[in-house]
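Subject: Structure for your review

Dear colleague,

Please find below the structure that I am handing over to you.

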Amino acid sequence: MSQIINLSAAANRIEALQQPDGAITWIDAGLWDPWNHGESAMALAVAGRAESCVRALEALFDRQESDGGWTGELGAGVPLDETNRRLVVDKPATARDTNFTGYAAVTVLRSALALNEPGWLDRYAGPVRRAMQFVLSCQTPEGDIVWRKPDAGEALDNVDSLRAGNACLYKSLECAIRLETALAGELRDLTEARARLAEALHDKDWRFDRKSTDRRRYAMDWYYPVLSGVHSREESQRRLEAGWSRYVVEGLGSRCVADEPWVTAAETAELALACQAVGWTGKARKLITDLAPLAARSGGYWMGWQFEEEILWPYERPAWTSAAVILAADAIEHLSPGSDLLVTPLKAVSPARRGATPPAS
């Protein structure tokens, strides 16, 4: 039982958004993508909701396309209604996002560990392998991975690479390697791709946000390289220290973007995971307890708090917001088996290495 969140209430909110086919939408009005669906599935596993988790995994792979990818709806671009409070879901833009696709490896491994279902690794290995091939097909010669599958006839280099998305993909490649290690599968392509991506994240900053506005105002671009495990603990601590006063509002949580008076539950929870990853358990725990005012009485967490106007904004309780909080609490309090998976990076793995058991850390 968690001492810092109401685990049951948060899981109940996710289950309330699960559709008859097992898909988990953002909000009651809809919106679906494989990344946030996977985040929610993992949280259900941590909460012990095995049946709902299985339904989510089956729904995820039922929607997988022939080349291993998924078409997801881009909720970040959805407008607000006339009151500027609720999301309007009306024919949202879609994309075949590489980060969304790669997260399938994290989803399967974390869920299998949490529910002690090692057989799931073999059961879902084929779909995960197809997903990772989709991702690797979008890696450039410089090592970065473009954010979406190019359109037919479009050059790979015409598509931008995003820093936070690539950091998350570094963790996805790690989880794919862990899965293959457990199954005595082929590691070479994955380990080589992960090494090339690490080089890009370390030494080729110019490869990211080349064709879009610099996204460094977003908190994700600050803490995701820490959460990915691509840097040493000392480098990661320095990175967090350098941006702390820019993003963190004492007593409230993390801003979503540095120049807006808006703290969000998901970013705060992910920052807590990053803090746990560098050994700052006290900071991690405080960030989660600071989110208590965003816990809805009807279950789950509100998306965020606009602290100048002192209002909940938007007035939505996404499944993935509750999921992020559950996963952070799990990493801090060790609520389920494999609770350190998201915060303990895998050390360098030889392409020739084989194994029989998926390491949790």
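**The nonpolar core**

The largest nonpolar core has 122 residues, of which Ile5, Leu240, Leu271, Ile288 and Ile326 touch the most other members. A nonpolar core here is a set of buried Ala, Val, Leu, Ile, Met, Phe, Trp, Tyr and Cys residues joined through side-chain atoms within 4.5 Å. Buried means under 20% relative accessible area, exposed over 50%, and partly exposed in between (1.4 Å probe, protein chains only). Apart from neighbours within four places in sequence, Leu271 is in contact (heavy atoms within 4.5 Å) with Trp222, Tyr223, Leu240, Trp244, Val248, Ser254 and Leu287.

Please note that the model is predicted: local features need pLDDT of at least 70 and side-chain atom pairs count only at pLDDT 80 or more, while totals for chains, interfaces and linings use all residues. Residues are numbered from 1 along each chain as its sequence is written, and side-chain values use heavy atoms, with hydrogens and water left out.

**The protein as a whole**

The secondary structure comprises 13 helices and seven strands; these are DSSP runs, numbered from the N terminus, with helices (H or I) of at least four residues and strands (E) of at least two. The protein is as compact as a globular protein of its length, because its radius of gyration of 19 Å is close to the 21 Å that the globule rule gives for 361 residues. That radius is taken over C-alpha atoms, and the rule is 2.2 Å times the number of residues to the power 0.38. Of the 361 residues, 60% count as buried. Among contacts between residues at least 6 apart in sequence, 70% join residues at least 24 apart.

**Individual residues**

Cys175 lies in helix α7 (residues 163-182) and counts as buried, at 0% relative accessibility. Leaving aside neighbours within four places in sequence, Cys175 is in contact with Ala105, Val106, Leu109 and Leu341. Pro345 is 170 residues from Cys175 in sequence, yet their C-alpha atoms are 9.6 Å apart.

Most residues other than glycine have a negative phi, and most peptide bonds are trans. Leu31, which is not a glycine, has a positive phi of about 80 degrees; Leu31 sits in the loop between α1 (7-17) and α2 (34-46) and is buried at 2% relative accessibility. Asn84 also has a positive phi, of about 65 degrees, and is partly exposed, with a relative accessible area of 40%. The peptide bond from Trp313 to Pro314 is cis, with omega near -15 degrees, and Pro314 is in the loop between β7 (311-312) and α13 (319-333).

Yours sincerely
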